[in-house]
Structures are given as structure tokens and as C-alpha cells.
Amino acid sequence: GAAFGILEGKSAVFICITLIVLALIVYFYVRIPFQRKYRILRIFIVLIAAGALGNFIDRITQHYVVDFFYFCLIDFPVFNVADIYVTCATVLLIVTILFRFKDEDVNELLQSVGLKKKKQD
């Protein structure tokens with residue numbers, strides 16, 4: 001299952017979701033402008049894809065995701081490196097978009113990935 005055992009035993013659902021997410025990641029990666037200011041976004045997207053792919057490989061080969069980090073001091077759920085990649089990269093991606101980029105940069109980014117139409121002059 002996913003976090004906290006959500007959809008436990010539904011590997012087919014997670015495999016389909018992972019394939020869709022990876023396809024979207026590739027689409028966005030290719031469409032993001034190749035400018036230095038967007039390089040950090042590309043790095044975060046690659047980390048998210050790496051984490052998704054790591055868990056995907058476990059699901060295909062093991063039929064479950066191998067989790068091995070456990071902190072008994074705070075009784076936190078067990079997780080793995082792929083989970084760390086996805087979680088940290090997603091948080092950093094959101095923080096970067098919200099606080100590093102100007103409105104013009106975000107608009108350019110949205111236009112490049114096809115989520116916003118270009119203004120007509």
C-alpha cells in the first residue's frame with residue numbers, strides 16, 4: 001500500500017499511477033525552457049522521477065515496496081530512500097516556485113508546459 005497502508009494489496013493501481021506520473025514528468029521535463037534559471041526545477045523533477053522509479057521497480061520485482069528506515073524515538077512510519085527523494089523534492093519544488101520565481105517566470109513556465117495560453121498582443 002501507499003502511506004499508512006492506503007490501498008494495500010493494490011499494486012496494479014500503483015503501477016498505473018506511476019506510469020502516468022512518469023509520463024507527465026517526462027513531458028514537463030522536455031517542455032521546461034532550457035534556461036539556467038529553470039535548472040533547479042529540472043533537478044527536482046529528476047529526483048521525483050528517481051523516487052517514483054525506485055518504488056516502481058520494487059513493486060514490479062518484489063510486489064511491494066521495500067522500506068527500511070525506522071525511527072523508534074518518534075514512532076514514525078517506515079520509509080525508504082525513494083520516499084525521501086519524492087517527498088523532499090516535491091516540497092523543495094513547491095517552495096522554489098513560490099519563493100524564488102517571479103510572476104513572469106512562472107507565467108513563462110506555465111506557457112512552456114502548455115498550462116497557460118500566450119497573451120495575444
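This is a predicted model: local features need pLDDT of at least 70, side-chain atom pairs count only at pLDDT 80 or more; totals for chains, interfaces and linings use all residues.

Among the contacts in the protein with a separation of 6 or more, 55% are between residues 24 or more positions apart.

How many helices and strands does the secondary structure come to? The count is four helices and zero strands. Along the sequence, the pattern therefore reads α-α-α-α. The protein has 121 residues, and 26% of them count as buried.

Let me turn to one helix pair. Two packed helices are described by the angle between their axes and the distance between the axes. Here, helix α2 covers residues 39-62 and helix α3 covers residues 81-99. The two pack at an angle of about 155°, and their axes are 8 Å apart. Angles over 145 degrees count as roughly antiparallel, so α2 is roughly antiparallel to α3. The crossing of α2 and α3 is left-handed.

Which residues form this contact? On the α2 side they are I40, L41, F44, L47, I48, A50, G51, A52, G54 and N55. On the α3 side they are A82, D83, Y85, V86, A89, T90, L92, L93, T96 and I97. By class, the residues of the contact of α2 with α3 divide into 14 nonpolar, five polar and one charged.

I now come to the core. In soluble globular proteins, nonpolar side chains tend to be buried together. In this model, the largest nonpolar core has 15 residues. Those that touch the most other members are I25, I32, Y38, L41, I48, L93 and L109. Helix α1, residues 11-31, supplies at least two residues of this core, as do α2 and α3. Which helix gives the most to this core? It is α2, with six residues.

Leaving aside neighbours within four places in sequence, L109 is in contact with I32, P33, Y38 and L41.

Is T18 buried or exposed? Its relative accessible area is 11%; the cut-off for buried is under 20%, and T18 is therefore buried. Not counting residues up to four places away in sequence, T18 touches A52 and F56.

Methods:
Residues are numbered from 1 along each chain as its sequence is written. Side-chain values use heavy atoms; hydrogens and water are left out. Axes are lines fitted to C-alpha atoms, for helices over the stretch in contact, and angles run from 0 to 180 degrees between N-to-C directions. Angles under 35 degrees count as roughly parallel, over 145 as roughly antiparallel, 65 to 115 as roughly perpendicular and the rest as oblique. A crossing is left-handed if the near helix is turned anticlockwise from the far one by less than a right angle, and right-handed if clockwise. Contact means heavy atoms within 4.5 Å. Ala, Val, Leu, Ile, Met, Phe, Trp, Tyr, Cys and Pro count as nonpolar, Asp, Glu, Lys and Arg as charged, and the others, Gly among them, as polar. A nonpolar core is a set of buried Ala, Val, Leu, Ile, Met, Phe, Trp, Tyr and Cys residues joined through side-chain atoms within 4.5 Å. Buried means under 20% relative accessible area, exposed over 50%, partly exposed in between (1.4 Å probe, protein chains only).
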